[in-house]
Amino acid sequence: MKKILAILMVGTLLSCTDNFEDLNTDKKNPSSVTGESLFNSATEEFYEILNNSSVNTNVFRLYSQYWAQTTYPEESQYAMTTRSIPDNWYARIYRDVLIDLEEAKKIIAAVPTNSLTAPVQQNKLAIIEVMEVHAWATLVDIFGNVPYTQALDFSNPSAQYDDAKTIYMDIIDRLDAAIGQLDASYDEFASDEDLINQGDTGMWVKAANSLKLRLALRIADVDAAKSKSMAESAVAAGVFSTLDENQSIEYVSTQPYTNPVYSDLVLSGRNDYVPANTIVDWMSENNDPRMPFYFRQNLGDGTYVGGVYGTNNTFALCSQLGDALYTSTTPGVVISCAEVEFLKAEAAARGYNVGGTVEEFYASGVTASILEWGGTADDAAAYLAQESVAYETAEGDWKQKVATQKWAALYNNGLEGWATWRLYDYPMLNVPEGLTYDDIPRRLTYPTNEQTRNNESLKAAISAMGGDTPQIHVFWDVN
C-alpha cells in the first residue's frame with residue numbers, strides 16, 4: 001500500500017499594525033484546531049524522531065553499530081548528556097506526540113455522531129490509541145520506568161514515575177481494546193489525514209497486530225504465557241506479510257517533508273557518518289547481497305571498508321552510506337515485513353503456534369529484507385544456501401541465528417536494532433577503545449531537566465530502577 005506524506009502548509013499573513021491579533025480574530029467564532037490535524041501532526045513528529053539520525057536525538061544507528069562517526073565520535077563512545085539526548089527524547093515524545101494524540105482523542109470523542117458516523121469515530125479513536133501505545137512503548141524501551149498515569153496531567157507538575165513492566169502490561173491491554181474496536185468495514189481518517197495508511201482501516205488492523213507481535217516477543221522472558229497468547233492471537237488476526245504493507249511514511253522531495261536521514265546527511269552539508277566496521281565486516285564475511293544497497297562502493301577497488309567504531313574516521317577512506325540514505329523520498333519504515341517474519345521465527349523457536357517453523361520464518365525474514373532493499377529472490381536463495389547463513393548450519397543457537405539476521409535486516413531502524421541486541425545479546429558488538437563491553441548502553445539515562453522540574457519523583461524512580469546508569473537493564477532485558 002502506498003503511503004504518502006501530506007505536506008501541510010500554513011500561510012502566514014503579515015501586517016504593519018500593533019493590533020494585528022485583535023483585528024484578525026473573530027471573537028464570535030474563535031479559531032480551533034481539529035482532532036484530525038492534531039493526529040496528523042503527532043504522526044509526522046513521531047515518525048520523524050523514529051527515523052532521523054540527529055546526534056541530538058536518534059543515536060541508535062550508532063548504538064547498534066550500523067554507523068560510525070568521522071570527526072566527532074562522542075556519541076559512539078556513549079556520551080548522552082553533552083547534547084541532552086535523553087532530554088530531547090522526553091520533550092519530543094511527551095510534548096510533540098503524546099499530548100497532541102491525547103488532545104486529538106478528546107476533540108474527536110466530543111463530536112456528536114449518528115448511526116453512520118459513530119463507527120468512523122470509533123475507528124479514529126482506536127487508531128489514536130494504537131499510536132499512543134507505540135509511543136509509550138518507545139519511552140519504556142528507551143528509559144525503563146517513566147511518568148505514565150500522571151504524565152499528561154497539566155495540573156500535576158510532579159508526575160510520579162510508573163513501573164515499566166506495569167506500564168507495558170497496561171498498554172498491551174489498551175492495544176487489545178483498540179484492536180477490538182477497529183472495524184475494517186468502516187472508514188477512519190480521510191486519506192489526507194492519515195499519513196500512514198491513507199484511510200485504510202484494514203491496514204491499521206494489521207499494523208496494530210504487528211505492533212502487538214513485537215510487544216509479545218519483548219515480554220517473552222518475563223511472562224512467557226502472556227507472550228505466547230499475544231503472539232498467537234496477533235498472527236491469527238493478521239500481521240504484515242508483504243513488502244507493500246510495511247508501516248511507514250513515504251517522504252517527498254520538497255522540504256520540510258523529505259526523509260529525515262536525507263536532511264541530516266545531505267541538507268546539513270556535513271560528512272559525519274560512515275558505515276561501521278561492525279556490520280561491514282560481518283556482511284563481507286557472509287557475501288551479503290544487501291551490501292551494494294547498504295553501502296556505496298566508492299573506494300575503487302571493489303571492496304567495502306567500514307569506519308572503526310567508536311573513534312574518528314576519515315570520510316574519504318571509508319565506504320559511504322548507501323544511495324537510499326542519500327535520497328529524499330526513501331520511506332521511513334518503523335515496522336517492516338522482514339521484522340515481522342523474524343518475530344514469528346522467534347515465536348516458533350519458543351514453541352508458539354504461529355503457522356510455521358523457525359527455519360521457514362528465518363528464511364522468509366532474510367528474503368523479505370533482501371527484496372525490500374532492492375535485491376532479488378535469486379540473491380536471497382544464493383545467500384541462504386551458504387553454510388554460514390543457512391539456518392541449519394549458521395553459527396550458534398536459535399537466539400544467535402535469528403538475532404544476527406534480524407539485526408542485519410534492521411539496518412535503517414537503529415532503535416529496533418539496539419533493542420534486538422539488548423534482547424538477545426547478539427550480535428557481538430565492537431568495544432570502543434578505552435571502554436569495556438559492559439559500557440555499551442542498555443538504556444538512556446534520565447533527562448537532566450527532571451532534576452530541577454521533578455526531582456522527588458525522579459529520585460524515587462532511580463531508586464526503583466536500581467540506579468540511573470546506561471548499564472541498568474529495562475525490565476524485558478533479562479540477559
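The questions and answers below concern a predicted model.

Q: Which residues of helix α14 are buried, and why do they lie on the same side of α14?
A: Helix α14 covers residues 377–384. Its buried residues are A380, Y383 and L384. They lie on the same side of α14 because the arc they cover around the axis is only 90°. An α-helix has 3.6 residues a turn, so residues three or four places apart point the same way. The buried residues asked for are A380, Y383 and L384.

Q: Which helices are included in what covers the buried residues of α14?
A: The cover is judged by contact, with heavy atoms within 4.5 Å. Among the elements that cover the buried residues of α14 are α10 (277–285), α13 (358–372) and α15 (398–409).

Q: What span does α13 reach from its first C-alpha to its last?
A: α13 has 15 residues. At 1.5 Å a residue, the expected value is 21 Å. The model comes close to this, with a reach of 21 Å.

Q: Which residues of α13 are buried, and which helices are included in what covers them?
A: The buried residues of α13 are V358, F361, Y362, G365, V366, A368, S369 and I370. Their cover includes α14, and α13 in turn is part of the cover over the buried residues of α14. Also included in the cover of α13 are α15, α11 (291–294) and α12 (337–349).

Q: Which residue with a positive phi follows α13?
A: Helix α13 spans residues 358–372. The residue that follows it has a phi near 115°. That residue is G374.

Q: How are α7 and α16 arranged relative to each other, roughly parallel or roughly antiparallel?
A: Two packed helices are described by the angle between their axes and the distance between the axes. Helix α7 (residues 201–218) and helix α16 (residues 414–424) have axes 11 Å apart, at an angle of about 30°. Angles under 35 degrees count as roughly parallel. The two helices, α7 and α16, are therefore roughly parallel.

Q: Which residues make the contact of α7 with α16, and how many of them are charged?
A: From α7 the contact uses R214, L217 and R218, and from α16 it uses E416, A419 and L423. By class, three of these residues are nonpolar and none is polar. The number of charged residues is three.

Q: Is Q400 buried or exposed, and which residues does Q400 touch?
A: Q400 belongs to helix α15. Its relative accessible area is 15%, so Q400 is buried. Not counting residues up to four places away in sequence, Q400 touches E395 and Y426.

Q: What is the relative accessible area of Y294, and which residues is Y294 in contact with?
A: Y294 sits in helix α11. Leaving aside neighbours within four places in sequence, Y294 is in contact with I279, M283, Q320, L321, G322, S369, W373, A408, A409 and Y411. One of these, S369, is itself a buried residue of α13. Y294 is buried, and its relative accessible area is 0%.

Q: Is K124 buried or exposed, and what is K124 in contact with?
A: K124 lies in helix α5 (residues 118–143). With a relative accessible area of 14%, K124 is buried.

Q: Is Q65 buried or exposed, and what is its phi?
A: Q65 is in the loop between α3 (60–63) and β1 (67–69). Its relative accessibility is 0%, so Q65 counts as buried. Most residues other than glycine have a negative phi. Q65 is not a glycine, yet its phi is positive, about 60°.

Q: Is N287 buried or exposed?
A: N287 is in the loop between α10 and α11. Although N287 is not a glycine, its phi is positive, about 50°. Its relative accessible area is 54%, so N287 is exposed.

Notes: Residues numbered from 1 in each chain as written. Predicted model: local features only at pLDDT ≥ 70, side-chain atom pairs only at ≥ 80, totals over all residues. Heavy atoms only, no water. Buried < 20%, exposed > 50% of the residue type's maximum accessible area, 1.4 Å probe, protein only. Helix = DSSP H or I, 4+ residues; strand = E, 2+ residues; numbered from the N terminus. Arc of directions from axis to C-beta. Expected span 1.5 Å × (residues − 1). Axes fitted to C-alpha atoms, helices over the stretch in contact; angles between N-to-C directions. Parallel < 35°, antiparallel > 145°, perpendicular 65-115°, else oblique. Nonpolar A, V, L, I, M, F, W, Y, C, P; charged D, E, K, R; others polar.
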